[in-house]
Amino acid sequence: PYGNLIAGWMVMPDAPLMTAWMLALAQIVSILGGPEEEQFTTKQGMLLGLTLALALMSKVHGLFLGFGIGLVAITSHRHWWKRTGWYACIIIGAAGILPQVLWNLHNGSPMTSYQGGRIGQRIHWDDMFRDLFAGMGYQNPFVMVLIIGGLVLWIRNNPFMRNAYTRLFLFCSIPLLLAMMGIALYGDSLPHWTGPTYMTLLPLAAAGTAYAAKPARYMNWTKGGWWFLQLMLLTMTLFSKYYPFTTGTIYPPSKKGAGDLTLDFTGWKAWKDALQDTLKNDPIIGAKPDSVWLLSGFYFPAAHIEHYFAHPLHLRSKPVGPFNNIHNFYFTSPLQGALKQGDNAVWLDISNYDRPLLDQVKSAFDSTGQKILIPQERGGFPVRYLKVTPLYHYRKGIPETGLINLRIGGSAN
């Protein structure tokens, strides 16, 4: 699921990260396999540096790939330090993180403050083990069996101290796993962050199966992994579209569906039509339904609101809240322009995430209308709601960027 979906099908930074990561890994393996005097020519170093730079520009995880290659150079391949290609690799690779550093310095270090906010003071063993096993599950259970079995066979025949490939692959994977588990132990992390660890170990594990007494058995596990993925996708699709209930919260309606991840795959197009009718039927907004603003309080579902509602209905949208809530919309919202006096808007949030109306937003308008709950039905039963709160006659108080401090109003529910 990680390689096919998260880093393949979904629009996430993991996709370009893993493309550059695996290209860099293939390049360093090729360099390592050549004669010592031909390792890290200028051309080789420049190409490896380029792929490392692309990985770093995609996601900060790319640091661990460079760290692993650096450990190989320090511990066993010190002759690389005599090659111009090695220094070309370092310079070009380091340039990949320079845009991130400069951007953060220019904008008040939002990345470090946001990620730093995930770290707490207490130890959470349950979170660490949850992320560890969930991360393994993201790789497909059949694949994890292959990785563990193949690694055991490889390392048994190619000990860490005697094989450069063993050191390379472990140096490029295990530090990332340990770092992510450390974050999970003390704070808030996501299971797919460990994905590059297992993708890195996969080629080594595949090579290890050559030492098996009956390699064909491993091929059967590979087929099992493929069928497991197909079954999982089919089950997820059918469940998301036809399961008549929600696996999440049922009451109150304002939080209906909370915790049910399958709800995020469907419902948005049907909501678009219902929202359009709601805007047209509003006694005030209905006079000019094509000029209303779609406001929300978090980057999710702000991206969905922009894609499924604002674009097809030719409306403007703007997430409003503190930086950690609106993320990149802080930089893109000015492209939508600013609210003008007299503008009308609606505050949108969905019950399975429940982002209540902010005091600052409410006070920025003359009055608010009656909140309307638009159900998403699955199998004929409501499983969550799109909550629409009309906001009439904008005065002032919402900046063009949407950035305001967070205070939750008591009338939001």
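1. In this predicted model, S189 is buried, because its relative accessible area is 4% and buried is taken as under 20%. S189 is found in the loop that runs between α11 (174-186) and α12. In sequence, S189 and D131 are 58 residues apart, yet their C-alpha atoms are 7.6 Å apart in space.

2. Which residues of helix α1 are buried? Within α1, which covers residues 2-9, they are Y2, L5, I6 and A7. Seen down the helix axis, these buried residues fall within an arc of 155 degrees, so they line one face of α1. An α-helix has 3.6 residues a turn, so residues three or four places apart point the same way.

3. As for the partners of that face, the buried residues of α1 pack against α2 (14-32), α12 (195-208) and α13 (215-242).

4. Turning to the whole chain, there are 18 helices and 6 strands, and 46% of the 413 residues count as buried. Of the contacts with a separation of 6 or more, 75% are made by residues 24 or more positions apart.

5. The C-alpha trace spans about 80 × 45 × 40 Å along its principal axes, and the accessible surface of the chain comes to about 20,800 Å², with 64% of that area belonging to carbon and sulfur atoms.

Notes: Residues are numbered from 1 along each chain as its sequence is written. This is a predicted model: local features need pLDDT of at least 70, side-chain atom pairs count only at pLDDT 80 or more; totals for chains, interfaces and linings use all residues. Side-chain values use heavy atoms; hydrogens and water are left out. Buried means under 20% relative accessible area, exposed over 50%, partly exposed in between (1.4 Å probe, protein chains only). Helices (H or I, at least four residues) and strands (E, at least two) are DSSP runs, numbered from the N terminus. The arc is that of the directions from the helix axis to the C-beta atoms. Contact means heavy atoms within 4.5 Å. Accessible areas come from the Shrake-Rupley method with a 1.4 Å probe; for residues, only the protein chains shown count as cover.
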